[in-house]
Structures are given as structure tokens and as C-alpha cells.
Amino acid sequence: MRPASRWKTSFGARAFGGFQDCFFRDRPMDTARVAVVGAGLMGLSTAVCTSRLAPRCSVTVISDKFTPDTTSDVAAGMLIPHAYPDTPIHKQKQWFRETFDHLLSIASSAEAGVAGVHLVSGVKGSGGQILTRRVEDLWELHPSFDIVVNCTGLGSRRLAGDSKIFPVRGQVLKVQAPWVKHFIRDGSGLTYIYPGVSHVTLGGTRQKGDWNLSPDAEISRDIFSRCCALEPSLRGACDIKEKVGLRPSRPGVRLQKELLARDGQRLPVVHHYGHGAGGFSVHWGTALEAARLVSECVHALRTPTPKPKL
């Protein structure tokens, strides 16, 4: 995978209007316009998979936050199986296997040193657009887009009216400790030490229903103490930074199609969110499935509606 040269960034609503004028005027009439709302791990993965799998589509990622300001940037990024009670086991295994195979292919490639253990934004190679914009209502994307993919995580409480999704607050420390080469994790997984490419992540917390994004100094001291108990050499760590992320959690991943209707207009939506703490472990598998759902929406758009017989 190589950095994409065709991805472009525009800023603000005015730029969006200009983008519409130049982009949609020149697109082929049979090109389905897909908007992916959300630029975290799920949104960017879904954009890549959709651009690869869905036939004749233009893909635009729209979000008010991009790396390094997303929840995905706070996560340690460890590939560990995660259980979703409301999702069939065979489907969870499929998602994890597809994600594992994808990450393994990167680790075996010439780009492994650049990508490290993470998939990061900026490595899409199939073309597309990126817009910085806050979406208040999915309907505001109609008629500029034919299909919308909702990857907004906790934002789905507002955008999709989903009362089942809730935050699980995670506070971590990012430290410089280059001598730490192996991960350490306690039995419950609450205390962990995960070495990355540029820093070591020390964690953590699982605070259900807590929306506070400000670091708590007392929690940071507790995390550091717990991690030093597992690896005493961490007392020599430097450049300690506090980070907080809100895991978008729900009983099961929401991965489904929905057809919105308003004033005689229809807007196909593919929902892809609610992975909680297990997003990194299944993101590519669920993104592939989301892309398959987008393809089904594209097919439905191109299939003429039969006229009623008199």
C-alpha cells in the first residue's frame, strides 16, 4: 500500500459547495456517489473497502475530526479477539480472520516499517475525496450523495437516534520507553503495556457512561503505578502524555442497511459502528461487509423499478 496522491482535502462548508460544483458536474451519470461520515478506523477502512469492492462509485469521507484527533488515535491498536454478545460467533470469527489476514499482509510487505502495527489514514490507493465538515443531519448530504455510510460511532446517538450506543471511557499514557519490546497484559486486560512504533501505551480504564474527555491526574498516577508494578523499568520512561478516548460501545456492532424516507425522497444508509474496545481486531472484516452492503445499495439504485400494470 502506498500513500495516495489522489486524495484531496477541502475545509468548511463553502469549500464543500465549490467541491460539489466541480466534482458532481463531471462525474459519469452511472457513478454512485457514496459519502462515508466519520474518519476514524471504521470510516477510513470502509472508504477503502468500498472504493475497491463497490462498482463504479465515487467515495467521499466527511468528518469534523481527522487524525490525530480521533478516538482511534488514542487506542493502543492491539489485535485481540473481542466478544460481541449480540453478534453470531461465526460472524465474529469471520471479521477477525479477515482483519488478521489484512494486517498480516501489511506486516509482510515492504511498507511494514512505515505502517508498523497500525493502519493509519493517508494510505488509501483507490481514489476519493476528503472533506472537513460537521454533519448535523444525514439528510443534509442528499441529493449531493446517493448513498451514505454512517461510521460516526458515538455520534450515532444524534445522527441515527441510537439509544443503545454508549461511551466507555479509556484513559491511557503515551510514553517514550524504547527498551520495552514486548507487550505485557494482566489477566483482566485492564492494566497493559503495549509497545508501538514511536511510543509505548500504558493503560487503562473502562468507565461506562463517562463522557469526560479531560485527563484525570489521579487516574494517570494509578495507571503508571499499575504498569510499573508489571514492568519496573518504566519508572525511567520520559515524555509522558495523557490521552483520553471514548469507546463507542453497544451490545452488538450495528452493521446493516436502512432506507430513510422524507418528503417523497429516499436515502440509502449503511450503518457501521459500535465496535467498542474491539474495533482494531475486526475493523477490516466489518469494513469489507459494510462495502458489500454498499454494493447492494448501488445495485438497487441501478435496478429500474417495475411500473405497475394497469
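In this predicted model, the second largest pocket has a volume of about 280 Å³. Its lining is made up of K257, E258, L259, R266, P268, E296, C297, A300, L301, T303 and T305. Two or more of these residues are contributed by each of strand 11, strand 12 and helix 8 (279-302). Helix 8 supplies the largest share of the lining, with 4 residues.

Strand 12 is paired with strand 11 (residues 238-262) in an antiparallel arrangement, and 10 bridges join the two. Within this pairing, L255 stands opposite H272 of strand 12. Strands 11 and 12 form a hairpin with 2 residues between them, where D263 adopts a positive phi near 50 degrees. A further pairing, parallel in direction, connects strand 12 to strand 5 (residues 147-150) through 3 bridges. Here N150 has H271 of strand 12 as its bridge partner.

Aromatic contacts were examined next. A pair of aromatic rings is described by the distance of the centres and the angle of the planes. The structure contains 2 aromatic pairs. In the pair formed by F183 and Y194, the ring centres lie 6.0 Å apart and the planes meet at 65 degrees; because angles over 60 degrees count as edge-to-face, the pair is assigned to that class. F183 is located in the loop between strand 6 (166-176) and strand 7 (184-185), whereas Y194 belongs to strand 8 (residues 192-195), so the pair ties together parts that are 11 residues apart in sequence. In the pair formed by Y192 and Y194, the centres are 4.7 Å apart and the planes are at 15 degrees, so the rings are stacked. F183, Y192 and Y194 together form one aromatic cluster.

Note on methods: Residues are numbered from 1 along each chain as its sequence is written. This is a predicted model: local features need pLDDT of at least 70, side-chain atom pairs count only at pLDDT 80 or more; totals for chains, interfaces and linings use all residues. Side-chain values use heavy atoms; hydrogens and water are left out. Two strands pair if DSSP finds at least two bridges between them. On a 1 Å grid over the protein atoms alone, a cavity is a set of points where a 1.4 Å probe fits but cannot get out, and a pocket is an open set with protein on both sides within 12 Å along at least five of seven lines; lining residues have an atom within 4 Å of a point. Grid points are joined across faces, edges and corners, and a volume is the space filled by probe spheres set on the points. Rings of Phe, Tyr and Trp (its six-membered ring) pair if their centres lie within 6.5 Å; planes under 30 degrees apart count as stacked, over 60 as edge-to-face and the rest as tilted.
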